[in-house]
Amino acid sequence: MSELGHPRLAQKFASDTKRMHWHDKALWFVREKRDVQTHSLDEWEELRECADKIKTHTLENLAFYLEEFERNTRENGIEVHWAKDADEHNKIVLDILQKHDASKLVKSKSMLTEECHLNPFLEKNGIEVVDTDLGERIVQLRHEAPSHIVLPAIHLKKEDVGKTFEEFLHTQKDNSDPTYLTRAAREHLREKFLGSDASLTGVNFAISETGGIVVCTNEGNADLGASLPKLHIACMGIEKIIPRLEDLAIFTRVLARSATGQPVTTYTTHYHEPQRDGEMHIVIVDNGRSKILANKKYLKSLQCIRCGACINTCPIYRRSGGYSYGYTIPGPIGSTLGASHDIKRNFTLPFACSLCASCTNVCPVKVDLHEQLYLHRQDVVDLGLLDKKKLQALKIATFFMQHPLLMDIGGKIARVVMPLLPRSIVYSKYNIWGKNRELPKFPKNSFKELYKKRKR
Amino acid sequence: MNSKETILANIKNANRPNITKLPNIDILHVEYEDKDEKFSQTLKSVGGVASWLENDSSIEEFIEKNYDDLGLIGTNLDLNITHIKPNDIDDPHALKDIDLAIIKGEFAVAENGAVWVKESDNTNRAIYFIAKKLLIIIEKNNIVNTMHEAYKKIKFEKSGFGLFISGPSKTADIEQALVIGAHGAMECRVLFV
């Protein structure tokens, strides 16, 4: 899919104009809820500042904190595994499951396991994997990937969900009432929880000082999963570490407010030991993160706490949908992570951006998102990956910028000639920009001319 | 080199300068004039209910008055009502039919309607999530303003499991329509005694 690149995939999504506007509004609604929450706290900017400093400090001392975390976690009776890439991560998880003869796994949301393509790997090896977050279960039943990191099924209308449940959960025909469908999913997944042999969760925060992890959910799915079967596996990227327990005050205050406009998630669950007679394993995964750590330009993307605020506010995401990115994580954060991960495959992503900087503005940990996307664009050009037509256009623009006299003359000619040209030429099929846009009326004088006149 | 050594070596080779100090968290955070009122409002906004026990009343009387159809009650507290004790049960699956779980909360947080729950002697975590309804009992006046004050009170020395619960479980995964009652409790009441 991603071979098509963002523009072509976005075009597909945007061809249904009504649905595109609906998607846009649904996301903006979440952004507005976020604003209400953040504006209610005078200390909001101070919280962001502090979160940024904690994360910056942690990344500067990451090896130290990871080792401290491992030591303290082991002391708490939790086993720790290290995986340098996706393959190793998947094998470790499978190995733990097989050692326990576990063939039925209930899973809560974890973008890391999406990134590692854990589900298909486990299924190939005979494990039944059930995603238990409602949105994730919906897309799993439809054989789709999540289109958003916090709202996995945001691209679907309730009628779509109704049809899916009709087929798989045998709900009433044409009943798409959200409460009815949610109850049906609760019953269906209760069975899965009760019948499971093991649970797998993501990790929101891993506390180095105390050797434990925190998982945040609204549905209680991670929590119910991790308290029924005796085996609990938690998977985390190396960047999930925070140094102290008290740092959680900052992060729990900003996470849900930024994500969904709630004051806090329903459950903020702290695990510092396995359950009674149970086992708990934590898998720490690199998978390209240490490579980003070594790159000063993109380092701050490792500070991300996956709240999704940048995605909700992004004018491009809202109008092009999660699948247009062709990467596990969509939106501004996905564009920079995707480009860092594999720029050849994801070279269109840094251009899925208007550089409006709204993402940077809402980020609770101050990731310099739009600046990173601007820098990635330069890498794309340097690597010769840019589309030939775009490259030619940029070369012409550069030439004129470097020759002010030609620029002035060219401008003068354009101001006279352009208004005389027929629409069929100006808006020909080669002018992609003019597809849904009108050129402004050409003024008589350029800004430079007006400025000179004024000065006199 | 094993994977741990490889990862740590890669991190060290990234060569990040150690220049940013871990900040002291002394944020001048919001303080509420009436913490009870703020907690009550916030809990309501996330789908829960806060109540205060009248002086001459008992928890048992409160339960009788506020729950019509009691069903199966699960609690480790010593209450004078028919109930099962989760601590007496080995297999958490056996808790699946509990209608009302009554648990003890340590303190409440005014800014977000959350209650810190850490029953060190509870051996069945599932009780918090598996019951249809949840009743959390807290001592009166045990309310802090924000999470900053909350985390100053939290320790994991004696037992390693604890959680904040803010209202009933919920989801908005179907077209952003808020539905109360996802996988955890479908109703959550906090009672100050």
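Reply: The sheet and its helix

Strand S6 (residues 212–217) of chain A pairs with S9(A) over 5 bridges in the antiparallel sense, where pairing requires at least two DSSP bridges between two strands, and where strands (E, at least two residues) and helices (H or I, at least four) are DSSP runs numbered from the N terminus. Within this pair, Val214(A) has His270(A) of S9(A) as its bridge partner.

The model is a predicted one, in which local features need pLDDT of at least 70 and side-chain atom pairs count only at pLDDT 80 or more, while totals for chains, interfaces and linings use all residues. Residues are numbered from 1 along each chain as its sequence is written, with chains lettered from A and ligands numbered from 1 in the order in which they are written.

Strand S9 (residues 267–271) of chain A is also joined to S8(B), by 5 bridges, and these two strands run antiparallel; here Tyr271(A) finds its bridge partner in Phe161(B) of S8(B).

Contact here means C-beta atoms, placed from the backbone, within 7 Å; angles run from 0 to 180 degrees between N-to-C directions of axes fitted to C-alpha atoms, for helices over the stretch in contact.

Helix H12 (residues 247–260) of chain A packs in turn with helix H3 (residues 44–60) of chain A, at an angle of about 125 degrees and with the two axes 10 Å apart. To this contact H3(A) brings Leu47(A), Cys50(A), Ala51(A) and Ile54(A), while H12(A) brings Asp247(A), Ile250(A), Phe251(A), Arg253(A) and Val254(A).

As for the contact between the two chains, 75 residues of chain A and 64 residues of chain B take part in it. On the side of chain B that touches chain A, the elements giving two or more residues include strand S8 (161–165) and strand S9 (170–171) of chain B, but H1(B) gives the most, with 10 residues.
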